[in-house]
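Here's a quick briefing to read with the model open. Have a look at the structure first, then work through the notes below.

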Amino acid sequence: MILSDLLGAEVYGEEPLGHVTDVRFVLEGDSSNQPMPRARLHGLIVSPHTKSSPLGFERTEIRSPWPIAQLEHWLHRDSFLVLWADIAAILPERIQLRPGFTRYSALLVKSAVPEPHFE
Amino acid sequence: MKRRHMLDPEAATGRVLDAQLHLLDRQVHDVASVPVTAVSDLEISDVDSIQNIPPGTPAPQLIALLSGPVLGTRIFGGRPPPSRLQRIAWSDVDEVGVVIRLAVKGETLDATWAERWVRDHIIGRIPGGRHDPE
Amino acid sequence: MKRIFAVALGILTAIGGFLDIGDMVTNAVVGSRFGLSLAWVVVLGVGGICVFAQMSGRVAAVSGRATFELIRERLGPRAALANLGASFLINLMTVTAEIGGVALALELASSVSYVLWVPFAGLAVWLVVWRVRFSLLENVTGLLGLSLIGFAVALFLLHPSWLDLGRQALQQVEFSDEKASTYWYYAIALFGAAMTPYEVFFFSSGAVEEGWKSKDLNQSRANVIVGFPLGGVLSIALAGCAAVVLLPQSIQVSTLGQLMLPIAVAAGKLLVAVVLLGVVAATFGAALETTLSSGYTLAQFFGWSWGKFRRPVQAARFHLVMIVVVIVGVGVLFTGVDPVLVTELSVVFSAIALPLTYIPILIIANDPQYMGKLVNGRFTGAVAVCYLGVILAASLAAIPLMIITGAGR
């Protein structure tokens, strides 16, 4: 399957929960090894309020330029992560979660992308 | 009021890649830092009985970066047939940073066929095309 | 000594490079109809382009990436595609206007018909883009463009009533046969002429072409902050010439010849020749910049290899796009459309598209992922957000005003 099948799909628990705004992968191994280790699908980031691309604002703490960041943070309030194990079915345009699924915070503290260094 | 959910166990391990944030629409450079393409989509391994996933099914893997015509379908909807997907295998990726660097030369990839075609049939035929600018 | 020379070169190039056919025509039209009462728009526009050119230059120097490369990954393909579509079409319009401008100026200089100059100008633009090194291209056209100082010289030679000009600029003098809506329409046009979107994409791609690093930022800051305002002064001088010579006669500028009339009146044929050289150089330079911009934006969106620092065969699609753009521009001019009209429309459309161009730059310049600690400071950030408001207002008002005033008639 391709990613676009998942992005934007509506996510259901017992009721509609929102739409998939991102898909999280986890590297099986150290990313400083070459070549890149395999990447396993870890979970889906679901946003209850908007389908639009988040511009990355809600996953980090960037707060400027002020009006745009505020808008984005507001649009993506209450985003959460669900893990692969909690996904019961992937249908066209619709993803069904298992009963009793867990909502995790979507916040990313440290990703596999190295901190860029600047001269 | 903002509910504080439990932190993702992988949130701080330095092993996470978010598709939209880190991979999609990133520029791809080859091993010599020559631009190859931009990532338009990702190919993920298929899962048996995806419409009714048994508990304990292993998670799918990221197989390839996709570019080319898939950009149109990503924006406007639909899906190109698998034979028309321009793939860059995930195993050819060397590192993911501000750009995605490959471990191979661009020449060897499907994704550069258009560039090679234009080079060989048009630009290469105009005098001066192969020289450095003066 | 070498440093001083390099700094001077940068500033002088920026002055000559600031003016293009859009600035020249719009300022002349405005001067002939409204005197200097719209001079404040030039000041506003120069301030804006300084802020945004600086931001995008900083983005390029710190991240090593040109602005448009980052727009798609930061904002997503939909927004970037909308941006690309609008920018590309406006660029195409501007390339057409600039090539037309070169041909018109050559016609004035030579009495060889304009139609014969068009393909020549197009070919010349392409040849320079194809073979000439980036820095040489920039420096020669920028320096020759300095001949446009002739407009300032002419203004002095015309012995205008400075008091009158000052009153026009500072108070809103009533021009009885012009309506307020037309005034504001031309304010937007003038704003679009000063804050041309292509300038920013060209500037940031150029920064990557020339391999700027953080230590080069001071130089670029000097170029921009000294060069662009001086270019703005020349724009105002141009409007002033039209105000002094054409306005009292109710001659509304609609041809390049009328634009040059004040120079002829002030100082005769010699100065006309010098200034024409400047017009050709500045317009030709702008034609190069917009053509390159078309290539940059398309290639950067799709992730193609680009850049004049590469041999054409190493950036094949980039060069193909530029060839097509020049051919289309020349083709459009062959249909007999008036390049001055194309120019007037291109500046208004530029104003309409400004938010699409500038919002992404603002977002990227604030993102520590690309900028590290060199994100916008508080002051720059505040100024940039204010300009964003102005840009949005201009963009939204442009189409209604265009309809109401019949595109300024």
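Helix α15(C) has 19 residues and reaches 27 Å from first C-alpha to last, close to the 27 Å expected at 1.5 Å a residue. That expected span is 1.5 Å times one less than the number of residues. Keep in mind that this is a predicted model, where local features need pLDDT of at least 70, side-chain atom pairs count only at pLDDT 80 or more, and totals for chains, interfaces and linings use all residues. Residues are numbered from 1 along each chain as its sequence is written, while chains are lettered from A and ligands numbered from 1 in the order in which they are written. Helices (H or I, at least four residues) and strands (E, at least two) are DSSP runs, numbered from the N terminus.

**Helices of chain C**

- Just after α15(C), C:G336 takes a positive phi of about 90°.
- α15(C) (residues 316-334) packs against α6(C) (residues 114-131) at an angle of about 170°, with the axes 10 Å apart. Axes here are lines fitted to C-alpha atoms, for helices over the stretch in contact, and angles run from 0 to 180 degrees between N-to-C directions.
- That angle makes α6(C) roughly antiparallel to α15(C); the cut-offs are under 35 degrees for roughly parallel, over 145 for roughly antiparallel, 65 to 115 for roughly perpendicular, and oblique for the rest.
- On the α6(C) side the contact uses C:V118, C:P119, C:G122, C:V125, C:W126 and C:V129. From α15(C) come C:M322, C:I323, C:V326, C:G329, C:V330, C:L333 and C:F334. Residues are in contact if their C-beta atoms, placed from the backbone, lie within 7 Å.
- By class, this helix pair brings together 11 nonpolar, 2 polar and no charged residues. Ala, Val, Leu, Ile, Met, Phe, Trp, Tyr, Cys and Pro count as nonpolar, Asp, Glu, Lys and Arg as charged, and the others, Gly among them, as polar.
- Elsewhere in the chain, α11(C) (residues 197-209) has 13 residues that should span 18 Å at 1.5 Å a residue, and its end C-alpha atoms are 19 Å apart, which agrees.
- α11(C) is mostly covered, with 13 of its 13 residues buried. Buried means 20 or more other C-beta atoms within 10 Å of a residue's own, exposed means 12 or fewer, and partly exposed is in between, with C-beta atoms placed from the backbone.
- C:G211 follows α11(C) and has a positive phi, near 65°.

**Sheets of chain B**

- Three strands make an open antiparallel sheet in the order β5-β6-β7 (chain B). Two strands pair if DSSP finds at least two bridges between them.
- β5(B) (41-44) and β7(B) (86-89) stand at the edges with a single partner strand each, so one side of each is left without a neighbour in the sheet.
- Neighbouring strands of this sheet are turned by 35° against each other on average, direction ignored.
- β6(B) (residues 62-67) pairs antiparallel with β5(B) over 4 bridges, and with β7(B) over 4 bridges in the antiparallel sense too.
- B:L65 links the two pairings: B:L42 has B:L65 as its bridge partner, and B:L65 stands opposite B:I88 in β7(B).
- In β6(B), 5 of the 6 residues are buried.
- Another open sheet has 4 strands in the order β4-β3-β9-β8 (chain B), with mixed pairing. Its edge strands, β4(B) (35-38) and β8(B), pair on one side only.
- In that sheet the twist averages 25° from one strand to the next.
- β3(B) (residues 27-29) pairs with β4(B) over 3 antiparallel bridges, and B:V28 has B:T37 as its bridge partner.

**Contacts between chains**

- Between chains B and A, 42 residues of chain B are in contact with 44 residues of chain A.
- Elements giving two or more residues to the chain B side are β1 (6-7), β2 (16-18), α1 (19-23), β5, β6 and β8 (93-96).
- That side divides into 21 nonpolar, 9 polar and 12 charged residues.
- Strand β2(A) (residues 16-27) runs antiparallel to β2(B), joined by 3 bridges; A:R24 stands opposite B:D18.
- The contact between chains C and B takes 24 residues from chain C and 27 residues from chain B.
- On the chain C side, α4 (67-75), α5 (77-110), α6 and α15 each give two or more residues, and α15(C) has the largest share, 4 residues.
- The chain C side divides into 10 nonpolar, 5 polar and 9 charged residues.

Conventions. Two residues are in contact if their C-beta atoms, placed from the backbone, lie within 7 Å.
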